[in-house]
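Please read the structure shown below together with the paragraphs that follow it, which go through the two ligands one after the other.

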Amino acid sequence: MAKTFLHFINGEFVQSHGGRTFEKRSPIDNSLIGTIHEGGKHEIDAAVTAAQAALHGPWRKLSIEQRAEMLYRVADEITRRFDEFVAAEMADTGQPKSVMEHAFIPRGAANFKAFADTVKNVATETFITPTPDGKGAINYALRGPKGVIGVICPWNAPLLLMTWKVAPALACGNTVVVKPSEETPATATLLGEVMNAVGIPKGVYNVVHGFGSDSAGEFLTRHPGVSAITFTGETRTGAEIMKAAAVGLRDVSFELGGKNAGIIFADCDLNAAVDSAMRSVFLNCGQVCLGTERLLVERPIFSQFVAMLKERAEKLKVGRSEDKSTTLGPLISKSHQSKVLSYYENARAEGAMVVTGGGIPKVSVDLEQGFWVEPTIWTGLSETATVVREEIFGPCCHVAPFDHEDEAIRMANDTPYGLSTMIWTRDLARAHRVAAEVEVGLTWINSWFLRDLRTPFGGSKQSGIGREGGVHSLEFYTELRNVCVKL
Ligand code: NAD
Ligand code: 6OD
């Protein structure tokens, strides 16, 4: 049965003023999942007003320990309603159930626990300052919330990415207005029920659905009551949001696009490296910002690596999310499918050797209207080719050979992006050397997407601004104030 996704404002589920809605379609078969209420200026204004009232009211009165306690309860409630979250996100994204159960949904609860732990254990700096009268002074720093935080999210891992922002924001005493992606309304809405169930005060967590430009997203970034904006999405969108944030000099934290390289040296554990490459290229149908779209492989193992990758990629099985044999889901939308397929065409036109894939897979009749694309591997392109330079965000990669460590570093860095790299080698001295040279925020050695939520997470160059994770999140979500006491 088709659902209705309402806004969550001041602790209540509400329709859009005027009742404007748009449709959410299933990536699996293009069937109607539900209608989403589209927020505009009216809803953003109501949500920001509620968030401001909560900020200066009940939320502010709680001690850090009490706030942390509430966030542990949020985590427990997500865990208690785990199956509902899995079902909701699976319906929105069409990805395999196993990915939801083992990777993305557990992070919803883990994010709240991690930031509750973090804020309980933060020390503030203190200086004993000499003064001319010899009596001295004490300087100490206080951290307070920044205000109402605008949280704008993408569709590729909706609950994980939204709670990665909402949890630290709330842990630091801020209140939030979330604008989920128009493609994935479900888990942000469900989280509203969780917030009410565990007694989070009204107005602390608000959700307004809608689009970006000239819709809820843009109105949120322009609202003067929003103190700072945290955004995950495309680099181009980040630039638009930055312009809006400049009015009123609001702070931004950005996790943006990438064109990540995997550097595979000939001495690596080949089997493990191919497995890792498979995950990093094809997980979530390639819709992972940290995913590898450029594989650089040392020449002596190049042919073998490509052959092994091809064999495994051809075993990926598309299908419905609940089907245990499904290992590759669809893309998020018809328009994203068209975009990825246009890159497939472009690769061919620019002379790629198509190792596998390159089109739409054969699927059963009931799936024919879904947004499927074949897992695709190319070789033979130059570093200037479009699919080697632009982020595609699909299940595809280009594999290129290299001869020397320096060449691999140069090729890895030959991109305006700087999000992540993975390095596969048994020579750890070399691994550290290369890690120090690659211009990215995140490097994995002999692994990929292995997370410790206390570590700084974010991108360099055009892949982001700022770092979030553990105490690093405090830089963005708190205002640091100094107090000087003359003794
Ligand atoms: P997107 O930039 O198109 O949209 C993201 C969000 O921004 C959506 O909610 C959208 O409605 C909103 N938006 C769009 N235009 C806006 C505007 N002018 N003002 C305010 N809001 C606006 O991104 P997407 O297609 O949803 O997500 C895919 C992109 O996200 C990829 O580029 C991917 O690399 C990136 N991403 C990065 C990370 C990271 O950690 N670096 C993580 C996940 C996704
Ligand atoms: O693990 C995280 O905290 C994180 N932000 C992952 C991003 C995945 C992008 O698709």
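A polar contact is a pair of N or O atoms within 3.5 Å; within protein, one must be able to donate a hydrogen and the other to accept it, and residues adjacent in sequence count only if both atoms are side-chain atoms. This is a predicted model, in which local features need pLDDT of at least 70 and side-chain atom pairs count only at pLDDT 80 or more, while totals for chains, interfaces and linings use all residues. Residues are numbered from 1 along each chain as its sequence is written, chains are lettered from A and ligands numbered from 1 in the order in which they are written, and side-chain values use heavy atoms, with hydrogens and water left out.

We begin with ligand 1. An oxygen atom of this ligand lies 2.5 Å from an N or O atom in the side chain of Glu 391, and an oxygen atom of ligand 1 is also 2.9 Å from a polar backbone atom of Glu 234. The protein covers 91% of the 850 Å² of accessible area that ligand 1 has on its own (areas come from the Shrake-Rupley method with a 1.4 Å probe).

The shell around ligand 1 holds 30 residues, and the closest are Cys 153, Glu 182, Thr 237, Leu 256 and Glu 391; a residue is counted as near if one of its heavy atoms lies within 4 Å. Helix α8 gives the largest share of this shell, 3 residues (helices are DSSP runs of H or I with at least four residues, numbered from the N terminus). By class, the shell divides into 14 nonpolar, 10 polar and 6 charged residues, where Ala, Val, Leu, Ile, Met, Phe, Trp, Tyr, Cys and Pro count as nonpolar, Asp, Glu, Lys and Arg as charged, and the others, Gly among them, as polar. Because domain 1 (3-256 + 463-486) and domain 2 (260-452) both give residues to the shell, ligand 1 lies between them, the bounds coming from an automatic or database domain assignment.

Helix α6 (residues 158-171) gives the largest share of the shell around ligand 2, 3 residues. This shell has 7 nonpolar, 1 polar and 3 charged residues. Ligand 2 lies between domain 1 and domain 2, because both give residues to its shell.

Technical notes
Helix = DSSP H or I, 4+ residues; strand = E, 2+ residues; numbered from the N terminus.
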